[in-house]
Amino acid sequence: MQFHHNGYVSTDPRIQPTAGVGIVRPDALPENVDVLIVGTGPAGMITAAQLSQFPGITTRIVERRGERLAIGQADGIQARSVETFQAFGFADRIIAEAYRITEMAFWKPDPSDPARIVRTARAVDDPSGISEFPHLIVNQARVLDYFAEVMANAPTRLTPDFGWEFRSLSTSGTGDHPVAVTLVHTNGDRQGQEQTVHAKYVIGADGARSRVRDAIGCTLAGDQAFHAWGVMDVLAVTDFPDIRMKCAIQSGSGGNILLIPREGGFLFRMYVDLGEVASDDAGAVRKTALDEIIATANDILYPYTLDVKDVPWHSVYEVAHRLTDRFDDVLPEEIGTRTPRVFIMGDACHTHSAKAGQGMNVSMQDGFNLGWKLAHVLEGRSPESLLSTYSAERQTIAKDLIDFDKKWSTLMATKPEDLTNPSELEDFYTRTAEFPAGFRTTYQPSLIVGGARHQRLAPGFPIGKRFASAVVVRVADANPVQLGHHHRADGRWRLYAFADAGAAGEASALTHWAHWLRTAPDSPLLVHTPVGGDPDSVFDVKVIYRQAHSEVDLGRVPEVFLPRIGRYGLTDYEKVYSAAQDQDVFELRGLGASGAVIVVRPDQYVADVLPLEGTGELAAFFRPILFAV
């Protein structure tokens with residue numbers, strides 16, 4: 001964490017100085033806002049947390065509940081989400097309180113006595129070491145608390161407005177705030193009273209029964225599996241030996257359990273198979289009594305027993321896979337003629353089973369994808385066409401999720417004897433580990449994703465996929481650090497220059513690139529950085545040298561990698577790195593002797609890979625994305 005650049009700080013450095021709209025932020029909902037977010041679930045809160053970092057943007061987030069969520073339904077946190085938490089500054093703290101999944105056990109009927117279950121296999125959760133971050137289990141409510149803290153500590157001092165329910169919206173308005181949203185108080189002295197808020201943009205993060213989705217004419221389409229599951233968070237005494245390990249349990253009776261240990265060392269969650277549901281059930285299965293769910297769980301666990309002491313939360317749901325045809329208010333026939341004003345995200349546009357642990361995770365990536373784009377447009381950095389990339393990118397990802405979840409939930413509900421291969425479930429879990437970890441996402445070439453013409457320069461940084469971190473050594477203090485962990489959710493683009501051995505301080509492709517970036521009229525730094533702003537306010541430029549840190553002379557490093565920032569113009573020494581000798585990032589990511597420039601989006605996805613000589617291509621990449629200043 002960096003601070004003191006604007007003066008000495010003796011208080012909590014996570015609390016940023018109040019600025020912009022945060023200085024005079026009214027408690028009451030204002031008549032006009034830049035962004036109105038409906039719903040304080042994971043998608044809405046991460047979007048609000050991202051927008052809260054921009055002092056000039058007025059954001060409000062409303063929630064029909066009267067207070068914070070106490071018990072959340074979601075609990076699985078994939079490694080990609082923890083990477084995202086790192087960008088918001090709370091990964092270490094949530095890891096400390098969460099349960100960490102390292103293995104998964106598979107239980108099946110004992111061949112000698114099918115009435116009993118036995119452990120048949122174990123699978124490592126991340127066999128390929130795809131991320132330095134763990135797979136966690138933690139209550140959704142705590143995730144929301146952390147994002148609320150980020151918002152409250154941001155320059156805008158953003159906090160949720162509880163007790164407001166969305167009623168309707170109209171996009172027929174004119175002027176700077178064309179979306180009129182009618183809200184109604186849900187509690188307190190003003191219960192039932194309405195208020196209209198005029199917004200530039202509206203985000204519907206209001207769940208599977210989204211009224212915002214209905215207001216823009218979107219519908220969830222898909223199918224229902226007609227299979228029910230009871231889910232319960234349990235405090236119990238049991239002789240089942242793997243109660244503190246994630247388990248897929250398939251019994252001889254045909255029932256199945258997905259067991260998820262929870263944070264705190266004692267709580268665990270069970271998804272209990274309640275069997276097929278008749279097509280004319282009309283939701284009756286959702287009234288299944290808790291005692292019946294517990295009894296079914298005991299039948300599946302035989303010969304082990306479950307003595308339930310307390311169930312803080314439980315529910316019954318039927319598996320359904322549904323997706324909307326668009327994630328914004330632009331109709332198919334309007335594409336290319338106007339840009340969106342209303343967006344939906346999370347469960348409002350994709351629903352699926354809970355057993356793959358993807359709902360909260362994919363929803364947060366929806367919000368991370370859209371938040372920085374809205375900030376770019378509202379700050380006048382980018383054209384509104386940037387906003388059209390949200391639906392185009394995220395709908396494809398949601399479809400991939402639903403296809404994956406259909407396969408996983410079907411396998412979980414299949415009797416062991418009906419599987420093509422006895423190990424089919426665990427084989428699928430291992431084979432597809434990249435997907436549930438959150439790293440299968442690949443954005444296709446677009447306005448903000450380049451083509452693969454130079455991918456060969458850095459095959460380990462696939463274009464369109466998230467930037468894979470690696471250990472490097474910070475030259476200034478010889479500290480080993482994870483390169484990607486310095487990527488904060490601050491809306492900046494990242495330019496990582498990887499240089500071949502001997503490039504430091506002598507005429508080379510790197511020094512020519514660095515000189516061009518600092519001085520050339522067409523350099524993105526000069527074209528797109530606001531006058532008076534810090535030189536790294538739009539682009540965070542870093543260099544990674546191939547040679548050891550002890551061989552790099554900071555006095556000869558190009559100036560662009562040692563920018564002067566803050567009110568005193570202090571030198572930032574956290575831009576210059578060397579490859580770690582025991583974990584050479586050049587070897588890990590397949591970087592050749594010629595080096596490369598890796599362009600990374602504000603949401604941590606690789607936007608392009610370019611040669612150091614490709615200065616014209618770098619300038620051309622940003623020209624349609626960012627306005628000249």
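Select Phe-85, Phe-88, Phe-90, Tyr-146, Phe-147 and Phe-368: together these residues form one aromatic cluster. The model on display is a predicted one.

**Within the cluster**

Keep Phe-88 and Phe-147 highlighted and hide the other members. A pair of aromatic rings is described by the distance of the centres and the angle of the planes. Here the ring centres of Phe-88 and Phe-147 lie 5.4 Å apart and the planes stand at 85°, so the pair is classed as edge-to-face, given that planes over 60 degrees apart fall in that class. Phe-88 has a relative accessible area of 9% and is buried. Phe-147 is buried too, at 0%.

**A second ring pair**

Now move to Phe-621 and Phe-622. Their ring centres are 5.1 Å apart and their planes meet at 90°, so this pair is also edge-to-face. Phe-621 is buried, with 9% relative accessible area, and Phe-622 counts as buried at 0%. The count of aromatic pairs comes to 23.

**A charge over a ring**

Select Arg-466 and Phe-439. The charged end of Arg-466 sits over the ring of Phe-439, at 3.9 Å from the ring centre.

**The seven-stranded sheet**

Switch to a cartoon view and colour the strands in the order E20-E19-E25-E22-E21-E26-E27, which make up an open sheet with mixed pairing. Strand E20 (479–482) and strand E27 (606–610) stand at the edges; each has a single partner strand, so one side of each lacks a neighbour in the sheet. On average, neighbouring strands of this sheet are turned by 30° against each other, direction ignored.

**Strand E19 and its partners**

Zoom in on E19 (residues 471–474), which runs antiparallel to E25 (residues 576–579) and is joined to that strand by three bridges. Across this pairing, Arg-474 stands opposite Tyr-577 and Val-473 opposite Ser-578. On the E20 side, four bridges join E19 to E20, again antiparallel, and Val-473 stands opposite Pro-480.

Follow the chain from E19 into E20: the two strands form a hairpin with four residues between them, and Ala-478 in the turn has a positive phi of about 65°.

Finally, show the side chains of E19. Which residues point one way from E19, and which the other? Val-471 and Val-473 take one direction, Val-472 and Arg-474 the other, and all are buried. In a regular strand, side chains alternate between the two faces of the sheet.

Conventions:
Residues numbered from 1 in each chain as written. Predicted model: local features only at pLDDT ≥ 70, side-chain atom pairs only at ≥ 80, totals over all residues. Heavy atoms only, no water. Pairing = 2+ DSSP bridges. Axes fitted to C-alpha atoms, helices over the stretch in contact; angles between N-to-C directions. Phe/Tyr/Trp six-rings, centres within 6.5 Å; stacked < 30°, edge-to-face > 60°. Buried < 20%, exposed > 50% of the residue type's maximum accessible area, 1.4 Å probe, protein only. Lys NZ or Arg CZ within 6 Å of the ring centre and 35° of its normal.
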